[in-house]
Each structure stands twice: as structure tokens, then as C-alpha cells.
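Biologist: Please walk me through this model. I will ask, you answer briefly.

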Amino acid sequence: MSIKRLVMVVEDDSSIRNMISALLSANGYSVVTAEDGRMALTLIASYNPDIILLDLGLPDMDGMEVLKSVRGWSAAPIIVVSARSQEAEKVAALDAGAGDYIVKPFGTEELLARLRATLRYTDRMVQGDKVSDVCSVGGLRVDFGRRLVSVDGKYVHLTQIEFKILALLCKNAGRVLTYEHICRSVWGPYSSRDNQILRVNVANIRHKIEKNPAQPRYILTEVGVGYRLVEEVEEDGEEEDAAPRKKKEK
Ligand code: CA
């Protein structure tokens with residue numbers, strides 16, 4: 001029914017490249033691959049892919065250079081795929097315009113979920129943000145227009161700031177947002193770089209919307225990077241103290 005989305009896979013390791021290609025083809029995407037940075041730049045310019053999966057460790061240049069170059073002339077979203085797990089690297093990639101990142105080794109479901117979330121977000125931006133006025137994830141429902149939040153059918157009162165943070169995360173569901181990005185969006189471009197106020201607000205939101213704020217199901221922390229609102233909540237299948245809760249629900 002829909003046109004296949006074209007994914008450019010930039011990866012020098014042939015086994016990973018083939019694995020990702022096969023996975024994406026099996027899930028309805030068209031795939032073009034590049035094995036180094038120079039080839040990637042040429043092919044991205046000629047194919048104009050819908051989304052790019054970019055390995056950072058390339059033989060001829062650093063993937064960050066590819067990212068910065070492509071960001072200068074293409075709006076295609078880029079998901080950085082990297083073995084580098086340091087927070088600073090992730091933040092640098094996001095700040096340089098990556099839409100998200102995924103760390104090797106990753107699960108196939110995780111990769112597909114990141115792709116879907118990033119494509120969905122880009123589609124909404126292209127359509128001029130004609131997002132539905134309501135975001136629902138599991139039992140969480142956020143009505144942007146009426147500024148109402150409910151969890152499992154019960155209304156929850158959030159402060160203005162808490163609502164702004166939650167609404168921002170909802171509009172970006174599935175994508176990680178850096179602390180700085182959130183602070184800038186909520187408090188303005190001159191907000192202090194101090195993340196403490198953000199952490200306090202997120203803790204307060206969790207207390208209001210999470211069953212167990214210490215094991216959040218909706219707002220996940222990406223340590224050292226930022227927060228990500230999940231796109232789908234696993235139904236009460238969590239192992240942690242699921243047994244007593246299940247009994248209550250009989
Ligand atoms: Ca590599």
C-alpha cells in the first residue's frame with residue numbers, strides 16, 4: 001500500500017552490513033549500502049534516502065565527519081550506529097544533528113523501533129506538525145490542546161513546567177532528547193545549563209504517572225544523555241514485583 005522507504009546503511013563491517021540489510025529488506029524497507037565515508041557521501045547525494053543508519057567507526061573518515069557534512073545539505077534523518085558507548089559521544093552526535101543513536105551490539109527489535117520512531121517524527125515535521133492532539137502510550141494519555149494528562153483513566157495534575165516536559169517527550173516518543181535540548185525547549189535558549197531542575201521535575205512527573213517511579217515504564221533515563229519516552233509500554237509483564245501487583249488485580 002505505501003511506497004517502500006529507502007534506508008542508507010553506512011557500515012564497513014560486512015557481516016553487520018549484511019545482517020542489517022537483510023533485516024530491513026525483510027521488514028519492508030529498500031536498502032542501499034555504503035562501506036566507507038566517501039562512498040556514503042556520494043550515494044546519499046544521489047539516492048536521497050529517507051533515513052540513514054550511520055556507523056561512526058569507518059575506515060576512511062570518522063562517521064562524525066559524514067554526519068556533519070550530510071547535515072549541511074540533506075534533511076534525511078540520521079541514526080548513529082556505534083560501538084562507542086560513552087555518553088559524550090552520543091551527546092556530540094545528537095548535537096551535530098543525529099536524530100537518535102543505537103549502540104552495538106543491538107537487538108533487531110530495538111533497531112526497527114528506532115527507525116520507526118525517527119521516521120514517524122520526521123513525517124510529522126514534514127507535514128507541518130499536524131500531530132493528533134492526543135498522545136497515548138500504554139495507560140498514559142496526554143491531551144496537548146486541553147492540557148490534560150491521565151493515567152489508566154485517572155486525571156493527573158501536573159504543573160505547567162511538568163506538562164511542558166511531558167508534552168515535549170510525547171511529541172518525540174521513541175526518540176532520546178538530550179538534557180540540553182529539553183532545557184532549551186522548556187526554559188528557553190538562555191536557560192541555565194544546570195540539569196538539576198530538569199531532574200527534579202522529571203522525578204516529580206514520574207511520581208505522578210509511574211506505578212513505580214524507581215522502575216519507570218514511560219520516561220526512561222539515558223544515563224548521561226537525556227530522556228526518552230517509550231513508544232509502547234510492555235503490558236504488566238515486568239518481572240520486578242509483578243507478582244504482588246498481579247494478585248491485587250486478581
Ligand atoms: Ca565500523
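Biologist: Which protein donors hold the calcium ion, and at what distance?

Modeller: Donors are N, O and S atoms within 2.8 Å of the metal, or 3.2 Å for Na, K and Ca; water is not among the atoms, so sites may look incomplete. By that rule the protein donors are Asp12 (OD), Asp55 (OD) and Gly57 (O), lying 2.2 to 2.3 Å from the calcium ion.

Biologist: What can I trust here, and how is the numbering done?

Modeller: This is a predicted model: local features need pLDDT of at least 70, side-chain atom pairs count only at pLDDT 80 or more, and totals for chains, interfaces and linings use all residues. Side-chain values use heavy atoms, with hydrogens and water left out, and residues are numbered from 1 along each chain as its sequence is written.

Biologist: How many residues apart in sequence are the parts tied together by Asp12 and Gly57?

Modeller: Along the chain the calcium donors follow the spacing D-x42-D-x1-G. Asp12 sits in the loop between strand E1 (6–10) and helix H1 (14–26), and Gly57 in the loop between strand E3 (51–55) and helix H3 (63–73). Helices (H or I, at least four residues) and strands (E, at least two) are DSSP runs, numbered from the N terminus. The pair therefore ties together parts whose separation in sequence is 45 residues.

Biologist: What is the relative accessibility of Gly57, and how does it count?

Modeller: Buried means under 20% relative accessible area, exposed over 50%, partly exposed in between (1.4 Å probe, protein chains only). Asp12, at 34%, counts as partly exposed. Gly57 also counts as partly exposed, at 37%.

Biologist: At what angle do the axes of H7 and H8 cross?

Modeller: Axes are lines fitted to C-alpha atoms, for helices over the stretch in contact, and angles run from 0 to 180 degrees between N-to-C directions. The axes of H7 (residues 179–187) and H8 (residues 196–209) come within 10 Å and cross at roughly 85 degrees. That makes H7 roughly perpendicular to H8, a label for 65 to 115 degrees; under 35 is roughly parallel, over 145 roughly antiparallel, the rest oblique.

Biologist: Within what arc do the buried residues of H7 fall?

Modeller: Those residues are Tyr179, Ile182, Cys183 and Val186. They line one face of the helix, because seen down the H7 axis they fall within an arc (from the directions to the C-beta atoms) of 100 degrees.

Biologist: Is Ser150 buried or exposed?

Modeller: Ser150 is found in strand E8 (residues 148–151). Its relative accessible area is 9%, so Ser150 is buried.
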